[in-house]
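Here is a short report on one protein chain. Look at the model first, then read on.

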Amino acid sequence: MSDTPFGFGLPPEEPEDGDEGKKDPQSGGGQGPANPFGFGGLPGAGGFGAPGADNPLAAMFGSLNPNDLGAAFQQLGQMLSYEGGPVNWDMAQQIARQTVAQGTSDGVKDSSVGPSDRTAVQEAVRLADLWLDDATSLPSGAASAVAWSRAEWVEATLPAWKELVDPVAERVGAAMGDVLPEEMQAMAGPLIGMMRSMGGAMFGSQIGQAVGVLAGEVVGSTDIGLPLGPAGRAALLPVNIEAFGKDLGVGKDEVRLYLALREAAHQRLFAHVPWLRSHLFGAVEGYARGIKVDTAKLEDVVGQFDPQNPEQLQDALQQGMFQPEDTPAQKAALARLETALALVEGWVDAVVHAAAKPRLSSADALRETLRRRRATGGPAEQTFATLIGLELRPRRLRDASRLWASLTDARGVDGRDALWAHPDMLPTASDLDDPDGFVHREQMDFSELDKMLGEAASGGGLGDGPNLKKDADADGPADGTDSGGDDTK
């Protein structure tokens with residue numbers, strides 16, 4: 001993550017010889033003490049950028065040539081006039097696209113997807129769906145398969161990022177006004193409005209850069225275990241798939257097919273477990289509600305706030321202005337979220353391995369590579385951890401994968417996938433500690449339930465229900481409700 005605020009360049013360093021910079025008005029630095037911000041002189045005598053002229057805006061913009069100056073002022077105006085939600089998503093989109101256009105650190109640039117790559121992705125997803133039919137009872141969830149450029153990934157996933165980030169940004173935005181005493185808030189109204197606009201821009205800038213960097217790392221629409229793209233659309237990024245498989249010693253077609261298996265497996269899960277998406281996003285929001293802002297740090301920032309130095313707010317955000325509350329409720333929210341992510345990724349890992357192992361010679365190597373990749377995360381994921389106080393990665397992926405594999409052995413594919421029928425049927429965090437215990441305990445419970453249902457159907461056991469009801473009524477209803485009415489209740 002770049003430390004450059006709002007995507008602008010940093011001011012050039014002042015040369016050792018202060019007079020040297022005066023010889024070249026286009027050098028962008030060295031104007032001496034009269035111009036401490038290092039803003040280069042611009043053509044035209046008497047301009048505000050001429051040598052010796054004070055220019056406080058240069059601290060924000062850095063060294064800009066005349067062609068960039070208008071765009072910089074336009075961006076500043078948009079930033080200060082923003083009156084939307086807690087995040088300036090227009091700025092986030094713009095900066096994400098700019099970050100993508102710059103390419104990744106290894107020099108790989110984004111490019112439009114050609115017809116051959118689109119066909120290859122469609123064929124890979126089609127074949128992956130055929131293989132998955134033997135590994136899961138969930139039918140195909142991909143109505144279409146698309147190949148995206150990095151820029152297309154940014155555009156397609158921004159709505160999901162908004163849903164993830166807005167709850168946390170809202171808390172920080174509200175805290176910016178709350179740190180001032182109530183009697184001062186009316187007097188400081190314009191300043192608070194400016195700070196909230198700056199806060200929206202601050203979040204927009206950082207989220208935009210993080211999304212742009214992440215676009216250079218992901219290989220599909222479900223890499224972080226959440227459905228970021230449109231429903232029913234399996235997506236792969238050919239340029240990133242090529243970079244991913246560059247040093248693995250595995251054929252490009254095999255890498256693409258393995259990643260298509262993972263994308264198609266995610267699509268099946270999210271398409272046919274209707275409550276899962278809202279469960280995951282709700283867990284993120286529930287975790288966000290328990291975040292508290294470090295008001296002491298924020299008060300320091302507000303007390304020293306200088307409109308000519310907006311980097312202060314951004315630096316405070318980068319250092320983390322908020323932290324989770326150390327309460328039982330917040331710990332439970334975090335455990336639910338981490339367990340949910342682990343169960344999703346563990347199921348995909350187990351199902352994909354079952355489908356790929358008999359067919360791909362490199363299945364084991366690719367599986368281990370992706371496990372390590374998810375466990376460590378990249379710079380963009382680390383940025384999101386700072387921004388929203390949450391690491392979007394499954395900490396217990398291997399435990400969850402072992403549990404799903406054990407369930408497959410004990411109950412078969414249908415019995416394993418039946419657990420997705422309701423969130424209450426899924427394993428908990430403690431069950432990940434003892435996968436075998438969960439498998440056998442739940443299997444025994446299901447057998448008892450089957451026995452009870454069988455007795456009820458044959459007229460025995462629960463068939464004596466009316467007599468039991470009569471006995472219960474003699475002592476009054478157990479639940480405190482009216483005992484009258486239909487005895488079949």
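Accessible areas come from the Shrake-Rupley method with a 1.4 Å probe; for residues, only the protein chains shown count as cover. By this method the chain exposes about 23200 Å². Carbon and sulfur atoms supply 51% of that area.

This is a predicted model, in which local features need pLDDT of at least 70, side-chain atom pairs count only at pLDDT 80 or more, and totals for chains, interfaces and linings use all residues. Residues are numbered from 1 along each chain as its sequence is written, and side-chain values use heavy atoms, with hydrogens and water left out.

**Confidence**

pLDDT is the predictor's confidence in each residue, from 0 to 100. The chain's mean is 73, and 56% of its residues reach 70 or more. Helices (H or I, at least four residues) and strands (E, at least two) are DSSP runs, numbered from the N terminus. The chain has 19 helices and 4 strands. Among its elements, α4 has the highest mean pLDDT and α19 the lowest.

Contact here means heavy atoms within 4.5 Å.

| Stretch with pLDDT under 50 | Contacts beyond four places in sequence |
|---|---|
| residues 443–447 | 5 contacts |
| residues 460–489 | 11 contacts |

**Helix α4**

Helix α4 covers residues 115–132, which is 18 residues. From first C-alpha to last it reaches 26 Å, close to the 26 Å expected at 1.5 Å a residue. The expected span is 1.5 Å times one less than the number of residues.

Which residues of α4 are buried? Buried means under 20% relative accessible area, exposed over 50%, and partly exposed in between (1.4 Å probe, protein chains only). The buried ones are A120, V121, A124, V125, A128, D129, W131 and L132. Seen down the axis of α4, they fall within an arc of 165 degrees, so they line one face of the helix. The arc is that of the directions from the helix axis to the C-beta atoms. The face turned away from this buried side carries the exposed residues P115 and S116. The buried residues of α4 pack against β1, β2, α8, α9 and α13.

**The core**

Buried residues make up 47% of the 489 in the chain. A nonpolar core is a set of buried Ala, Val, Leu, Ile, Met, Phe, Trp, Tyr and Cys residues joined through side-chain atoms within 4.5 Å. The largest has 89 residues. Its largest share, 13 residues, comes from α13. W404 is one of the residues with the most contacts inside this core. Among the residues W404 touches are W347 and W420.
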